[in-house]
Amino acid sequence: MAEKWKHTALLVIDMQKDFVNEDGLMRVDGGKAIVPNVIQAVQLARQRGILVIWVVREHDRLGRDVEVFRRHLYGDGKLGPIVKGGLGAELVEGLVIKEGDYKLVKTRFSAFFNTHLHSFLQDAGIDSLVITGVQTPNCIRQTVFDAVALDYPSVTVIVDAAAAATPEIHAANIFDMKNVGVAAPTLQEWFEHDA
């Protein structure tokens with residue numbers, strides 16, 4: 001089974017307490033509901049021998065590496081969201097980085113922007129990406145569109161293991177991604193695919 005999936009990576013994007021938990025400083029309303037499906041997607045990926053890549057945001061306490069439009073949330077005694085080493089930057093309960101997984105830190109929406117993700121995937125022989133996490137119009141979409149621009153031949157978003165602030169925003173962005181050749185199965189459909 002591992003041979004069949006050795007060119008595939010599962011990207012778990014921003015499943016961190018500040019994005020998902022009720023008291024999260026940047027809570028995505030749909031985030032909590034997808035946690036069980038993300039857990040299942042990770043378990044299935046590990047069973048199949050798929051590389052699991054944890055894509056997380058971690059910011060400087062003073063906000064010096066944050067987008068300009070978010071800098072007001074940091075400094076002057078304020079502890080901003082997803083600060084490196086802070087509780088909000090931790091993965092939500094039930095998600096754990098294990099030996100053999102890979103952690104990638106980003107400071108912008110796309111997992112590819114100013115990171116070494118593309119070269120890491122190329123070195124690992126990965127040409128197929130499966131994406132889960134939050135949130136659909138920002139980090140999911142930007143990562144997906146960059147993967148498409150970089151000519152990854154297979155890009156998949158598991159629709160019920162990804163979320164946005166509202167179901168309507170989620171659906172509209174999935175629609176846009178499907179229009180550029182991205183697959184959008186449910187977790188069950190992905191589980192049954194080539195099982």
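1. Arginine 57 sits in strand β2 (residues 51-57). Helices (H or I, at least four residues) and strands (E, at least two) are DSSP runs, numbered from the N terminus. The residue is buried, with a relative accessible area of 0%. Buried means under 20% relative accessible area, exposed over 50%, and partly exposed in between (1.4 Å probe, protein chains only).

2. A word on the basis. The model is predicted, and local features need pLDDT of at least 70, side-chain atom pairs count only at pLDDT 80 or more, and totals for chains, interfaces and linings use all residues. Residues are numbered from 1 along each chain as its sequence is written, and side-chain values use heavy atoms, with hydrogens and water left out.

3. What does the side chain of arginine 57 reach? A polar atom of this side chain lies 3.2 Å from the backbone oxygen of threonine 107. The backbone oxygen of arginine 108 is reached at 3.4 Å. For reference, a polar contact is a pair of N or O atoms within 3.5 Å; within protein, one must be able to donate a hydrogen and the other to accept it, and residues adjacent in sequence count only if both atoms are side-chain atoms.

4. The surroundings of arginine 57 deserve a look in the viewer. With neighbours within four places in sequence set aside, its contacts include Asp14, Gln16, Glu67, Arg70, Ile82, Lys106 and Cys139. Contact means heavy atoms within 4.5 Å.

5. Two of those partners can be followed further. Arginine 70 lies in the loop between β2 and β3 (102-106). Arginine 70 is buried, at 12% relative accessible area. Not counting residues up to four places away in sequence, arginine 70 touches Met26, Arg57 and Phe109. From arginine 70 to proline 81 the C-alpha distance is 9.6 Å, across 11 residues of sequence.

6. Isoleucine 82 counts as buried, at 0% relative accessibility.

7. Is aspartate 76 buried or exposed? Aspartate 76 is exposed, with a relative accessible area of 81%. This residue lies in the loop between β2 and β3. Aspartate 76 is not a glycine, yet has a positive phi of about 50 degrees.

8. Check the peptide bond from valine 134 to glutamine 135. This bond is cis, with omega near -15 degrees. Glutamine 135 belongs to the loop between β4 (128-134) and α5.

9. Next, the helix pair. The axes of α5 (residues 136-149) and α6 (residues 167-178) come within 10 Å and cross at roughly 10 degrees. The two helices are therefore roughly parallel to each other. Axes are lines fitted to C-alpha atoms, for helices over the stretch in contact, and angles run from 0 to 180 degrees between N-to-C directions. Angles under 35 degrees count as roughly parallel, over 145 as roughly antiparallel, 65 to 115 as roughly perpendicular and the rest as oblique.

10. Which residues make the contact between α5 and α6? On α5 they are Thr136, Pro137, Ile140, Arg141, Val144 and Phe145; on α6 they are Ile169, His170, Asn173, Ile174, Asp176 and Met177. By class, the contact has seven nonpolar, three polar and two charged residues. Here Ala, Val, Leu, Ile, Met, Phe, Trp, Tyr, Cys and Pro count as nonpolar, Asp, Glu, Lys and Arg as charged, and the others, Gly among them, as polar.

11. Serine 110 is in the loop between β3 and α4 (117-123). Serine 110 counts as buried, at 4% relative accessibility. Its side chain makes a polar contact of 2.6 Å with the side chain of aspartate 146. Beyond four places in sequence, serine 110 touches Gln142, Thr143 and Asp146.

12. Tyrosine 152 is in the loop between α5 and β5 (154-163). Tyrosine 152 is buried, with 9% relative accessible area. Its side chain and that of histidine 118 are joined by a polar contact of 2.7 Å. The C-alpha atoms of tyrosine 152 and aspartate 127 are separated by 5.5 Å, though the residues are 25 apart along the chain.

13. Last, the annotation. UniProt, in an unreviewed entry, places the feature "domain: Isochorismatase-like" at residues 8-183. UniProt positions are given in the numbering used here, feature names are shortened, and annotations may be inferred rather than shown by experiment. Over residues 8-183 the chain is 31% helix and 20% strand, with end C-alpha atoms 14 Å apart.
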